[in-house]
Amino acid sequence: MELKRVVVTGLGALTPIGNTVPEYWDGLVNGVSGAAPITHFDASKFKTQFACEVKGFDPHDFMDRKEARKLDPFVQYAIASTDEAVKDAGLEFDKLDRTRIGVIWGSGIGGLTTFSEEVATFSKGDGTPRFNPFFIPKMLIDLAPGHISMRHGLQGPNFSAVSACASATNAMIDAFTYIRSGRADIIITGGSEATINEAGIGGFNAMHALSTRNDDPKTASRPFDKDRDGFVSGEGSGAIILESLEHALARGAKIYAEVVGGGMSADAYHITASHPEGQGAKLAMTMAIKDAGMDFSDIDYINVHGTSTPVGDVSETKAIVDLFGEHAYNLNISSTKSMTGHLLGAAGAVEAIASILAVKNDIVPPTINHFTDDPEIDNRLNFTFNKAQERVVNAALSNTFGFGGHNATVIVKKYNG
């Protein structure tokens, strides 16, 4: 069977540094931090009192009040970003075969806001089980792609990928595979997350995973910096329209980039910590490059997982140096989490968008908030510290790793006809 080529024809983003793709990209190239004191709830008693929240989002710009009440924020975010991506791609579903169009979506946690609110309300009562009839449907991760499909009448493959912080990248790889193998013409893919609430912040605080730099939130996310002290929680959504090249050309679609490879692996090491030598990360990158039929020297830019945790940043850089050898020092590397925070299950989507736009625009977004080199990290690597850099980006690789040892890597390159 001849594999089909897969291209990107539409993008949508709702992020802590911009509520549309142009706003998001502008924030990235200008090194804007999305971190600020938490407004979603009173965090005064929490160890961490700041996060990268979505700002100025009104679900009623995308749906009526009745519908909004039935949806957890992570689904509202998904709908907002997919609406932008569908419009950007110029999709007219009435003119297309809806049975050949699917939705494959990622989220690591799903409706945590709904779950927290319902359980809190029940615990304050007299034990009588009074629950919102939409409690379960609002909470389930697969209802994000479900609602997107119902919104547009799409009858193709429809499911969720769940692999913690690797979820959206796994969803994208699944979508790529379905189109490449001829089982769909178009897949709406991406991921969304909305966990900046008492349970989300409190739970990650209990794990000592979050930065506690409450006196300086904007510089708290410090990937690869000696004084990094944990990740900054983020929220939002990213949507990507993947389409077979044949189908995209037939309808005259604009093309951002081509998706050429995906790789997945497991650390098989620890429930939360990455392998100290980056073995799983190295394997996922190796598989993605092999899947793309590329050489290691073909990669120009890596959007790293780079969460700003003491162990994770070291292990990922070890994997890059070990895998790429001398070419590692020709690469641009950056962690856009330094600006957006960590969007957990949505991270892979918003970071794939950053990689796609880097390829399209030949600009590498920076890793901001670098102050002090870490002697445990090979600082001969070009981490694109503090300022975006212009360079030809023919191919970009995006890494996402999740609790449980899940590793996922996707590669995009310039579309050359």
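**Domains.** I'm working from a predicted model here.

I count 65 residues of domain 1 in contact with 63 residues of domain 2. Together the domains bury about 4700 Å² between them, and 69% of that lies on carbon and sulfur atoms. Which three residues of domain 1 give more of its buried area than any other three? I find Trp-25, Cys-165 and Phe-224, which supply 19% of what domain 1 buries against domain 2.

I then checked for charge pairs and found three salt bridges across the interface of domain 1 and domain 2. I also looked up the side chains of Asp-291 and Arg-180, which meet in a salt bridge at 2.9 Å, N to O.

**Who lines domain 1's side.** I went through the elements on the side of domain 1 that touches domain 2. The ones giving at least two residues each are β1 (6-14), α1 (21-29), α7 (167-180), β6 (186-193) and β7 (236-244). I note that α7 has the largest share of that side, with eight residues. Sorting the side of domain 1 that touches domain 2 by class, I get 30 nonpolar, 25 polar and 10 charged residues.

How values were computed
Residues are numbered from 1 along each chain as its sequence is written. This is a predicted model: local features need pLDDT of at least 70, side-chain atom pairs count only at pLDDT 80 or more; totals for chains, interfaces and linings use all residues. Side-chain values use heavy atoms; hydrogens and water are left out. Contact means heavy atoms within 4.5 Å. Buried area is the accessible area (1.4 Å probe) that two parts lose on being put together, summed over both. A salt bridge is a side-chain nitrogen of Lys or Arg within 4 Å of a carboxyl oxygen of Asp or Glu. Helices (H or I, at least four residues) and strands (E, at least two) are DSSP runs, numbered from the N terminus. Ala, Val, Leu, Ile, Met, Phe, Trp, Tyr, Cys and Pro count as nonpolar, Asp, Glu, Lys and Arg as charged, and the others, Gly among them, as polar.
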